[in-house]
Amino acid sequence: MKALNMQRLSSHQLTRCSVLIVISVVCQVSSGQEPTSSETLDRPLRVLTANIWNYAEPYELRMKLLREQITALQPDLIGFQEAGWKPEEEHQVKQLLQGLNYHIEHESDGSDNKERRLLDVAVASRWPLKRKAFHSLPGSGKALAVEITAPQPIGRLLFVSTFGTARWQFDRELQRERDAVALDRFIREISDPNGFPPIIAGDFDATPDSAGIRYLTGLQSLDGHSTHYYDAWKAAGNRGAGPTWTTQNHYAKKTTEQFWHLSDHHRRIDYIFLGSPHHFRGYARVVSTRVVLNQPVGKDWPSDHFGVMAEIATTPKGSEATGIDK
């Protein structure tokens, strides 16, 4: 009887161990496998920011154009703004990127809401990520920060998507300034100064000459503070205006005419920012930046905003691979 009990105990332990192994495997599959220590990135890091205008019509056509153009760009990291969620549906970003092998995190899955959400921020990554923090900014903005487990020489990377829900009006620079200062403070508190510089992707509703953007790029102080991030557009050597909100896009033109009574209007308000070598020891250098998601089909565009795509070298000049597939 004692031998039988021991046999039963061994069988029970074996079964329990098998269950734990299965659970472990399932967890690894659902969360994504981390890059091995020997894996390296032999090309520039590709980063995209995209305001996707939630469910605005013509929705199905716009999502088709967005998916096609994102697929062609092959970004490693994407920061989304104005992403949506509807009750009893998957998050809009999950639907948009389904089958494209991205890890996704969003502001809310809507599980605690009975009404649809229209102005969320979200992120997508080729590599595993975990939610680091979500922060409501004082001027109506918000920021979702995630930690990406990227291949070497990057390692762990802080990636932030940010957006302001009620600071788009021309007379809201005070709110935009407050958000810029709070965003910098938020990022500095949760980032590693010895690691790879953090990357910010967002719709800032502000032009490069505005106080908030000047503050982030180290050109002026605000509220007794100063900081420095690279504006990827400028850091890449671009001299053109690079508008991302323009009446060239008839979706934007309708809004501009309705709210501002302007028929000819062009602004750069969507940005990718890279943490400064003054604050972070990891090596990173912007090698190219361009306006993207700007290819219409007839009169239809992917969104009312154009996107911005940046390539960031992760090794010193002369030792990195060059360019992405065009």
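**Note on salt bridges and nonpolar cores**

1. In this predicted model, Arg117 and Asp120 are joined by a salt bridge between their side chains, with an N to O distance of 2.9 Å. Arg117 counts as buried because its relative accessibility is 18%, and buried means under 20%. Asp120 is also buried, at 2% relative accessible area.

2. By the rule applied here, the structure has 14 salt bridges.

3. Another salt bridge connects Glu147 with Lys130, whose closest N and O atoms are 3.6 Å apart. The pair links distant parts of the chain, with Glu147 in strand β6 and Lys130 in strand β5, 17 residues apart. Glu147 counts as buried at 13% relative accessibility, whereas Lys130 is partly exposed at 47%.

4. Arg131 forms a salt bridge with Glu105, and the closest N and O atoms lie 3.1 Å apart. Here strand β5 (residues 129-136), which holds Arg131, is linked to strand β3 (residues 103-106), which holds Glu105; the two residues are 26 residues apart. Arg131 is partly exposed, with a relative accessible area of 35%.

5. In soluble globular proteins, nonpolar side chains tend to be buried together. The largest nonpolar core of this model has 27 residues, and Leu45, Ile148, Phe159, Ile199 and Ile312 have the most contacts inside it. Among the elements that give two or more residues to this core are β1 (45-51), β7 (156-164) and β14 (307-313).

6. Phe159 touches residues including Val47, Leu77, Val123, Ile148 and Ile199. A second, separate core of 23 residues includes Val160, Ala182, Tyr215 and Phe273.

Definitions and conventions
Residues numbered from 1 in each chain as written. Predicted model: local features only at pLDDT ≥ 70, side-chain atom pairs only at ≥ 80, totals over all residues. Heavy atoms only, no water. Core = buried A, V, L, I, M, F, W, Y, C linked by side-chain atoms within 4.5 Å. Buried < 20%, exposed > 50% of the residue type's maximum accessible area, 1.4 Å probe, protein only. Helix = DSSP H or I, 4+ residues; strand = E, 2+ residues; numbered from the N terminus. Contact = heavy atoms within 4.5 Å. Salt bridge = Lys/Arg side-chain N within 4 Å of Asp/Glu carboxyl O. Lists of a residue's contacts leave out its neighbours within four places in sequence.
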